[in-house]
Amino acid sequence: MTFEQFQIGDYAVFERTFTADDFARFSQLSGDKNPLHHHPDYAAKHAASGAPIVPLHITLAPLSMIAGMIFPGEPSLYLGHDVQANKPVMYGERLRYSA
């Protein structure tokens, strides 16, 4: 579909699961080396979950795909967001996105 074909009320839904490999790539790009995200022993002692958690910014990355791929073209420009994490996301946990 093109941008012009979307109607009020249309929406897109997809799912994504994040892995430790995703964090490794994210870490190279961002410089984030927080052991809460990759070190099981550290996370066991310091994370409420007791295990490494997915960084919030990785979980936000698919929002860029929504603007750039699902609602394509010049009229679709992702200008920002306001987000708050309600709970940690664990590696292997399936997230559902909708827009």
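Mentor: Buried means under 20% relative accessible area, exposed means over 50%, and partly exposed lies in between, with a 1.4 Å probe and protein chains only. This is a predicted model, in which local features need pLDDT of at least 70, side-chain atom pairs count only at pLDDT 80 or more, and totals for chains, interfaces and linings use all residues. Residues are numbered from 1 along each chain as its sequence is written, and side-chain values use heavy atoms, without hydrogens and water.

Trainee: Why is Phe23 called buried?

Mentor: Phe23 has 5% relative accessibility, so it counts as buried. Phe26, at 18%, is also under the limit of 20% and therefore buried.

Trainee: What makes Phe23 and Phe26 an aromatic pair, and which kind is it?

Mentor: Rings of Phe, Tyr and Trp (its six-membered ring) pair if their centres lie within 6.5 Å; planes under 30 degrees apart are stacked, over 60 edge-to-face, the rest tilted. The centres of Phe23 and Phe26 are 6.3 Å apart and their planes 45 degrees apart, so the two form a tilted pair. Both residues lie in helix H1 (residues 20-30), three residues apart, about one turn of the helix. Helices (H or I, at least four residues) and strands (E, at least two) are DSSP runs, numbered from the N terminus.

Trainee: How many aromatic pairs does the structure hold?

Mentor: The structure holds two aromatic pairs. Phe14 and Tyr97 form a stacked one, with 5.1 Å centre to centre and 10 degrees between the planes. This pair links distant parts of the chain, with Phe14 in strand E1 (residues 13-17) and Tyr97 in strand E2 (residues 94-98), 83 residues apart. Phe14 and Tyr97 are both buried.

Trainee: Why is Thr59 called buried?

Mentor: Thr59 has 9% relative accessibility, which is under 20%, so it counts as buried. Thr59 lies in helix H3 (residues 56-60). Contact means heavy atoms within 4.5 Å, and, not counting residues up to four places away in sequence, Thr59 touches Phe18, Val54, Val89, Leu95 and Tyr97.

Trainee: How do you know that the side chain of Thr59 makes a polar contact with Leu56?

Mentor: A polar contact is a pair of N or O atoms within 3.5 Å; within protein, one must be able to donate a hydrogen and the other to accept it, and residues adjacent in sequence count only if both atoms are side-chain atoms. A polar atom of the side chain of Thr59 lies 2.6 Å from the backbone oxygen of Leu56, so the distance is within the limit.

Trainee: Why is Asp10 called partly exposed?

Mentor: Asp10 has a relative accessible area of 35%, between 20% and 50%, so it is partly exposed. Asp10 is in the segment before E1. The side chain of Asp10 reaches the backbone nitrogen of Gln7 at 2.7 Å. Asp10 and Ala99 are 89 residues apart in sequence but 8.6 Å apart in space, C-alpha to C-alpha.
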